[in-house]
Amino acid sequence: MNTDAKYFTLPLDSLRAIGGWAADCAERALPIYAQHAGADGRPRAAIDGIREFAAGGKRAARLRSLAMAAHAAAREIDDPAAAAAARAAGHAAASAYTHPLRDVQQTKHIVGPAAYAALALELHHPADPTIADREVAWAIAHAPAEVGEVLREMPARALGKSRVDGLLYTLDAGIRGQTPPHDT
C-alpha cells in the first residue's frame, strides 16, 4: 500500500462484493425493525437496492435515496434496536458509494452495516451478552476477500468510546487480520 497517495483504485467489482456482504449483514437484523415498524419498508428497500447493485445493477441516485430513507426510518422509530437495524440497512445501501480515499471515515461505509446489525441484535436480546460478539464473528468469517483488500488500503479504525465504535473497531481489525485466501 502506498500511504503517500490520498486515493487508491477501487474497482466496481469490489464495491459490488462489499455491497453483497453488507446486505447479508444488515438483513440479519432486519426482522427487529419489521417487528417494531410494521409496514414501513424503507430499510428492506435499501437492502433490496444494494442487492440489485451487487448483482450487476447500476450505481444510480436511487440507491443514495434508499440509503437516506433507511436512515430517516432509523431516526423516526422509537426503539433503539429497530433504529440500529434500520441504520444497518442504510449503511448497506450507502456502501456502494465508498470513496477510494485513504480516510478512516470511509471504513464506516464498509463495516457499518455489520456493526449496526450486531448492535441491533445486542439491544434486542439484552439477556444474551455474547450475541453481538457472535454476530461480529459471523460477519468477519463471511467477509469476501474484497472487503479486506479495500480496508487494508485505508487507515485502521481506533477503538473509540461508544459501543458502536467498539464494534466498528473489532470488525475492522478482524477483517484486516484475516489472511487472504489463496487460489488452489
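## The overall picture

This protein contains 9 helices and 0 strands, where helices (H or I, at least four residues) and strands (E, at least two) are DSSP runs numbered from the N terminus. Along the sequence, the pattern reads α-α-α-α-α-α-α-α-α. The radius of gyration is 15 Å, close to the 16 Å that the globule rule gives for 184 residues, so the protein is as compact as a globular protein of that length. Here the radius of gyration is taken over C-alpha atoms, and the globule rule is 2.2 Å times the number of residues to the power 0.38.

Before we go on, a word about the model: it is predicted, so local features need pLDDT of at least 70 and side-chain atom pairs count only at pLDDT 80 or more, while totals for chains, interfaces and linings use all residues. Residues are numbered from 1 along each chain as its sequence is written, and side-chain values use heavy atoms, with hydrogens and water left out.

## Size and inside

Taken along the principal axes, the C-alpha atoms fill a box of roughly 45 × 35 × 35 Å. Of the 184 residues, 48% are buried. Buried means under 20% relative accessible area, exposed means over 50%, and partly exposed is in between (1.4 Å probe, protein chains only).

How much of the contact count comes from residues 24 or more positions apart? Such residues account for 76% of the contacts with a separation of 6 or more. Contact means heavy atoms within 4.5 Å.

## Helices α1 and α5

Let us look at a pair of helices. The axes of α1 (residues 12-27) and α5 (residues 80-94) come within 9 Å and cross at roughly 175°. Axes are lines fitted to C-alpha atoms, for helices over the stretch in contact, and angles run from 0 to 180 degrees between N-to-C directions. The two helices α1 and α5 are therefore roughly antiparallel to each other. Angles under 35 degrees count as roughly parallel, over 145 as roughly antiparallel, 65 to 115 as roughly perpendicular and the rest as oblique.

On the α1 side, the contact is made by A22, A23 and A26, and on the α5 side by A88, A89 and A92. By class, this contact has 6 nonpolar, no polar and no charged residues. In this scheme Ala, Val, Leu, Ile, Met, Phe, Trp, Tyr, Cys and Pro are nonpolar, Asp, Glu, Lys and Arg are charged, and the others, Gly among them, are polar.

## Helix α2 and its two faces

Which residues of helix α2 (residues 30-37) are buried? They are L30, I32 and Y33. These residues cover an arc of only 155° around the axis, which puts them on the same side of α2; the arc is that of the directions from the helix axis to the C-beta atoms. The face turned away from this buried side carries the exposed residues P31 and Q35. Covering the buried residues of α2 are elements including α1, α3 (42-54), α4 (61-76), α5 and α6 (107-124).

With α6, helix α2 packs at an angle of about 55°, their axes being 9 Å apart. That makes α2 oblique to α6. I32, Q35 and H36 in α2 meet A120, L121 and H124 in α6, and the residues of this contact divide into 3 nonpolar, 3 polar and no charged.

W21 lies in helix α1. At a relative accessible area of 2%, W21 is buried. Leaving aside neighbours within four places in sequence, the contacts of W21 include I110, V111, A114 and I175.

Now try the loop between α5 and α6, where you will find S95 and P100. Is S95 buried or exposed? S95 counts as buried, at 0% relative accessibility. Apart from neighbours within four places in sequence, S95 is in contact with L15, I18, G19, A22, I50 and H109. P100 is partly exposed, with a relative accessible area of 26%, and touches K6, Y7, F8 and L10, not counting residues up to four places away in sequence.

Finally, G160 sits in the loop between α8 (145-151) and α9 (163-176). G160 counts as partly exposed, at 47% relative accessibility. From C-alpha to C-alpha, G160 and A45 are 31 Å apart in space, and they are 115 residues apart in sequence.
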